[in-house]
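Please review the sheet, the aromatic pairs and the pockets of the model shown here.

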Amino acid sequence: MIYVTIERQSPEQTDITAFVVEGHAEYDVPGKDLVCAAVSAVTVGACNAVEQLTGIIPLHEMDKGLLDITLPPLPEEKRKPVQLLLEGMLVMLQTIEQSYGEYITIETIYSKGG
């Protein structure tokens, strides 16, 4: 199972501040697991897009079965583009979850206020 945790500031201030992807789908054997491949492509692609399109470099840890991303404090002019990219990533992950829900789960937590 792949566990995705999306961290938002609070229920009122909904900016994504971090996300963690951990585990393996075990949909198929390694190298043929399309759920793992899709989740990896979406999440790593979103991180690369944030870096290349906004110049913001998130703190990150990447290992087998783990991607842990934390955004630094964002200048106001970068906040909306970064959030748009991350919300787009979340929509793509939710689309995968709709088709392959037994292999991926998405949870939202709040860093403060809820």
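The report below covers these topics in turn.

## Basis

This is a predicted model, in which local features need pLDDT of at least 70 and side-chain atom pairs count only at pLDDT 80 or more, while totals for chains, interfaces and linings use all residues. Residues are numbered from 1 along each chain as its sequence is written, and side-chain values use heavy atoms, with hydrogens and water left out.

An open sheet is formed by five strands in the order β3-β4-β2-β1-β5, with mixed pairing. Because β3 and β5 (104-110) stand at the edges with a single partner strand each, one side of each has no neighbour in the sheet. From one strand to the next the twist averages 10 degrees. Strands (E, at least two residues) and helices (H or I, at least four) are DSSP runs numbered from the N terminus; two strands pair if DSSP finds at least two bridges between them.

β2 and β4 are paired in the antiparallel sense over five bridges. Leucine 66 in β4 is the bridge partner of glutamate 22. Helix α2 (residues 76-99) packs on the sheet and touches β1 (2-8), β2 and β5, contact meaning heavy atoms within 4.5 Å. The direction of α2 makes about 140 degrees with that of β5 (axes are lines fitted to C-alpha atoms, for helices over the stretch in contact, and angles run from 0 to 180 degrees between N-to-C directions).

## Aromatic pairs

The whole structure holds two aromatic pairs (rings of Phe, Tyr and Trp, the last by its six-membered ring, with centres within 6.5 Å; planes under 30 degrees apart are stacked, over 60 edge-to-face, the rest tilted). Tyrosine 27 and tyrosine 100 form an edge-to-face pair, at 5.4 Å centre to centre and 85 degrees between the planes. Tyrosine 27 is in the loop between β2 and α1 and tyrosine 100 in the loop between α2 and β5, so this pair ties together parts 73 residues apart in sequence.

The largest pocket has a volume of about 230 Å³. Of its 15 lining residues, Val21, Ser40, Asp63, Gly65 and Leu66 are the closest to its centre. A pocket is an open set of points on a 1 Å grid over the protein atoms alone, where a 1.4 Å probe fits, with protein on both sides within 12 Å along at least five of seven lines; lining residues have an atom within 4 Å of a point. α1 gives the most to this lining of the largest pocket, with five residues.

The second largest pocket, of about 150 Å³, is lined by His24, Glu26, Asp28, Pro30, Gly31, Asp33, Cys36 and Ala37. Volume is the space filled by probe spheres set on the points, which are joined across faces, edges and corners.
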